[in-house]
Amino acid sequence: MASILQSSVILSCSLSSSASSSKRVINAAIHLPKLSNISLPKIQTRKQHVDQELKILKEYNTPLLENNNSQILHHQEQQHSTNSKTIVQLYAILEAVSDRIEMHQNIGEQRNNWNTLLLNSINMITLTATTMSGVAAATATTCSDSSLLALKLSSALLFSAATGLLLIMNKIQPSQLTEEQRNATRLFKHLQKQIETVIAIGNPSKEDVKSSMEKVLALDKAYPLPLLGAMLEKFPAKFEPANWWPSNMFQKKNKPSTKMGKMNGWSEELEMEMREVVEVMKRKDSEDYERLGNIALKVNKSLAIAGPLLTGIAAVGSTFIGNGSSLASFVPLLAGSLAATVNTFEHGGQVGMVFEMYRTSGGFFKLLESSIESSLEEKDLERRENGELFEMKLALSLGRSVSELRELASKSGSYRMEGVDIDEFASKIF
């Protein structure tokens with residue numbers, strides 16, 4: 001290419017010089033460098049570039065990725081194994097709870113039968129002995145000594161038997177035992193639903209297992225099945241509300257406080273509302289049930305003493321029938337009749353059951369108070385139960401709507417500022 005270009009240039013110069021007047025020939029040449037074969041680099045496409053990067057990443061990072069994947073899989077398997085073990089444990093507790101529900105139901109029916117059968121039997125024995133005493137007193141002057149002695153001894157023995165049975169019945173209080181089993185059945189059913197809810201939601205923890213175990217044991221202690229050794233005191237010195245929850249359920253924990261940004265459904269207004277509701281429950285509901293419980297306890301104690309005392313007096317008085325004293329004939333008749341009346345009022349009216357009902361109601365309000373106070377003492381708002389949910393559950397527990405609960409708190413605050421006691425109870429259920 002360079003030689004051809006050179007020749008053409010020389011030819012053109014020669015023609016131009018020949019046309020000129022000087023007739024000179026001018027030789028001119030342009031020397032261009034020879035172009036050698038230049039190899040241009042190959043331009044890679046995007047696909048080839050990506051494939052090359054993936055190849056490099058695979059060469060250098062394959063061991064690390066495999067290690068991370070194995071760690072993730074191991075962690076997932078370990079977590080799945082832990083969850084599976086926790087679920088199995090919860091199901092085991094659930095089976096025990098179901099068994100206890102069945103036991104308390106059966107024993108509750110049995111002890112209710114005790115109350116009915118013992119009441120009817122003792123009243124029949126007492127009235128039969130009273131009738132025999134009346135017959136002996138009426139025929140004391142006409143019948144033979146042997147017949148009179150038989151009537152007197154039979155009457156005394158029947159009164160003595162009624163006294164012994166009354167002492168046993170008043171000691172165990174079958175109506176109160178029945179109410180205990182009813183409450184235990186209801187609370188175990190509630191615990192059963194709680195465990196089923198935890199399992200249904202999924203991802204249970206070891207804390208759920210521990211909490212469920214503690215609740216089962218606390219209920220066993222609060223409502224024992226045996227009569228000998230473990231039976232609850234039926235005539236305590238002072239009225240005390242029932243306690244069926246673990247002692248550490250509302251234990252205060254030292255936890256760091258959080259910022260007041262995300263309130264978890266809580267606000268200063270809600271906390272003030274909870275405090276007002278607690279004050280109402282303490283001043284009205286708890287005090288009222290404590291007062292009624294003490295009254296029921298005193299009445300039950302008096303009746304439990306009066307019944308055996310009257311049958312005992314009738315048993316002793318029946319031995320003096322026919323001794324020529326009208327008072328000796330009158331005492332067993334009056335004492336026997338009064339004993340049957342007292343026994344019917346105590347066990348037919350189920351005063352022990354009423355006392356146990358007041359104990360349970362007092363425990364219910366104590367549980368609500370402890371729950372609210374524990375939540376308010378918890379400074380970490382994220383560890384509290386959601387405030388709106390907590391308010392709704394409290395309102396339902398008291399038989400109110402959320403708006404009615406807020407009205408109650410507002411009313412309590414205004415009454416307290418005026419120095420006047422509120423005229424309304426917190427609960428509309430009990």
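1. A salt bridge is counted here when a side-chain nitrogen of Lys or Arg lies within 4 Å of a carboxyl oxygen of Asp or Glu, and the structure holds 19 of them. The model is predicted, with local features requiring pLDDT of at least 70 and side-chain atom pairs counting only at pLDDT 80 or more, while totals for chains, interfaces and linings use all residues. Residues are numbered from 1 along each chain as its sequence is written, and side-chain values use heavy atoms, with hydrogens and water left out.

2. The side chains of K282 and E373 meet in a salt bridge with an N to O distance of 2.7 Å. Because K282 belongs to helix 6 and E373 to helix 8, this pair ties together parts that are 91 residues apart in sequence. For accessibility, buried means under 20% relative accessible area, exposed over 50%, and partly exposed in between, computed with a 1.4 Å probe on protein chains only. K282, at 33%, is partly exposed, and E373, at 30%, is also partly exposed.

3. D288 and R291 meet at 2.7 Å, N to O, and both lie in helix 6, 3 residues apart, about one turn of the helix; D288 is buried at 19% relative accessibility, whereas R291, at 46%, is partly exposed. In helix 4, E196 and K193 are likewise 3 residues apart, and their closest N and O atoms are 4.0 Å apart. E196 counts as partly exposed at 33%, and K193 as exposed at 54%.

4. Beyond these pairs, R400, K411, D423 and E424 are linked in a network of salt bridges.

5. Which residues touch the most other members of the largest nonpolar core? A nonpolar core is a set of buried Ala, Val, Leu, Ile, Met, Phe, Trp, Tyr and Cys residues joined through side-chain atoms within 4.5 Å; the largest one has 46 residues, and W244, M274, M281 and L398 touch the most other members. Among the helices that each supply at least two residues of this core are helix 2 (46-138), helix 4 (174-201) and helix 6 (268-318), and the largest share, 9 residues, comes from helix 6. With contact meaning heavy atoms within 4.5 Å, and leaving aside residues up to four places away in sequence, L398 touches residues including V277, M281, F365, L368 and L405.

6. The expected span of a helix is 1.5 Å times one less than its number of residues. For helix 8 (residues 351-377), the 27 residues should therefore span 39 Å, and the end C-alpha atoms are 39 Å apart, which agrees. Helix 8 is mostly covered, with 19 of its 27 residues buried. The 23 residues of helix 7 should span 33 Å, in agreement with end C-alpha atoms that are 33 Å apart.

7. Just after helix 7, Q350 takes a positive phi of about 55 degrees.

Terms used:
Helices (H or I, at least four residues) and strands (E, at least two) are DSSP runs, numbered from the N terminus.
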